[in-house]
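Take your time and find each piece as you go.

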Amino acid sequence: MLFGHEKVEILHLPTPLEHLKNVSEDLGVNVYCKRDDLTNLATGGNKLRKLEYFLKDAQDKGATMLITEGGAQTNHGRLTAAVAAKSGLKSAIVTSDPYPGEISANLLLDGMLGCNVHFVKDMETGRQAVIDKYTSEGEKVYYVPMGGSNELGVLGYAECAFELDAQAKELGIEDAVIYVTVGSMSTYMGLLLGLKECGSTLRVRGVNVLPYSENAADEAGNEKALRESLSDYYKRVCGFYGRDFGITDGDFDITTAYIHGAYNNAVEEVRDVMYYLARKEAIIIDPCYTGKTFEAIVDGAKNGAIERGSNVIFMHTGGLPGIYTLHHRVEFERELMPYMHIEE
Ligand SMILES: Cc1ncc(COP(=O)(O)O)c(C=O)c1O
């Protein structure tokens, strides 16, 4: 029970908090990794912790089906489908992206999980039409918001903050800064709330990968827009739980310097840190979310923004299937071809 809400336990928690010895020696910063990519359904990821709470709410409301929305390659959609499959519910994803011309990455897993993906022209009308279709077929639909980011969606990572605080104490790294990706915001917001709630000395820095300003290349504009969105979100969360968690706008420690101009674009610097982490620690990160966040750590260690000898926790939020998306895959194939030796 957290903030008056229960969950359905479907995950094997806690996830490990690992010291990345090779990376730490190389960067001169003590880097730890919180392995939320190892959460146990359908290749894992951060959305599962939120979905434990959504599932409880859905079951309490007698739902027979979970419907959510996102990009065609939504990790959140795939994990909603996973939770539905495991719980005996139906599922569907609504996306306003066009069909990409191939069933790869998350779409492949969605289909395997038995989840229907609806490619609609317009999200506002399309979402409702899909909900109406299944309702008319007799389903009791529970709608999970994009990214699982509503007021209930903060619970998964508020809980994770308690878990992480206890693990950091055990390792003696209570002064660490957690680097976490900010997309639809509830992972970051949940961590912030949870750390505050348990009086933790850990801090959290959000690395934004989803442009909040109309001009995706405008770093300052993105930061301003994200700060406003975080502030609004926090107010809604306080209203929903009927209490103030003691967070002020000044607590929002975020950077918009690693968006690289667009959401989910193919970026050489991001692929470079993906190769770096794979070759140093055998940990695979993704080009859309965790790659940009890990870039912030590597960059910060090199440019002095992260002090030498200090403790950093990289929150690995999953996203593995993203590496198989066509526009990323072609870049990987081009760069990794030298590793392929076709012997005569
Ligand atoms: C792999 C991965 N990491 C991080 C995030 C960002 O989490 P949030 O949307 O809660 O900000 C997402 C969101 O889709 C994700 O799929």
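1. Start with strand β2 (residues 30-35), which pairs with strand β10 (residues 311-316) in the parallel sense over 6 bridges. Two strands count as paired if DSSP finds at least two bridges between them. Strands, by the way, are DSSP runs of E with at least two residues, helices are runs of H or I with at least four residues, and both are numbered from the N terminus. In this pairing, C33 stands opposite F314 in β10.

2. Before going on, keep in mind that this is a predicted model, where local features need pLDDT of at least 70 and side-chain atom pairs count only at pLDDT 80 or more, while totals for chains, interfaces and linings use all residues. Residues are numbered from 1 along each chain as its sequence is written.

3. Back to β2, which has another partner: strand β1 (residues 17-19) pairs with β2 in the antiparallel sense over 3 bridges. Here E18 stands opposite C33 in β2. As a reminder, strands of a sheet pair through backbone hydrogen bonds, either parallel or antiparallel. Is β2 buried or exposed? Mostly covered: 5 of its 6 residues are buried. Buried means that 20 or more other C-beta atoms lie within 10 Å of the residue's own, exposed means 12 or fewer, partly exposed is in between, and the C-beta atoms are placed from the backbone.

4. Now zoom out. The protein is divided into domain 1 (17-45 + 150-336) and domain 2 (47-148), with bounds from an automatic or database domain assignment. Their centres, taken over C-alpha atoms, are 24 Å apart. Across the boundary, 23 residues of domain 1 are in contact with 26 residues of domain 2, where contact means C-beta atoms, placed from the backbone, within 7 Å. Helix α6 (residues 155-171) gives the most to the domain 1 side, with 5 residues.

5. Next, look for the open sheet of 4 strands, in the order β5-β4-β3-β6 with parallel pairing. β5 (116-119) and β6 (141-144) are at the edges with a single partner strand each, so one side of each has no neighbour in the sheet. From one strand to the next, the twist averages 20°. Strand β3 (residues 65-69) pairs with β6 over 4 bridges, in the parallel sense, and the bridge partner of I67 in β6 is Y143.

6. Which strands does helix α3 (residues 75-87) touch as it packs on this sheet? They are β3, β4 (90-95) and β6, and the helix direction makes about 170° with that of β4. Such angles run from 0 to 180 degrees between N-to-C directions, with axes fitted to C-alpha atoms, for helices over the stretch in contact.

7. The largest nonpolar core has 93 residues, and I178 is one of those with the most contacts inside it. A nonpolar core is a set of buried Ala, Val, Leu, Ile, Met, Phe, Trp, Tyr and Cys residues joined through C-beta atoms within 7 Å. Its largest share, 7 residues, comes from α6. Both domain 1 and domain 2 give residues to this core, so it lies between them.

8. Last, find D249 in the loop between α8 (219-241) and β9 (254-255). D249 counts as exposed because it has 10 C-beta neighbours inside 10 Å. Leaving out residues up to four places away in sequence, D249 touches R227 and S231.

Conventions. Contact = placed C-beta atoms within 7 Å.
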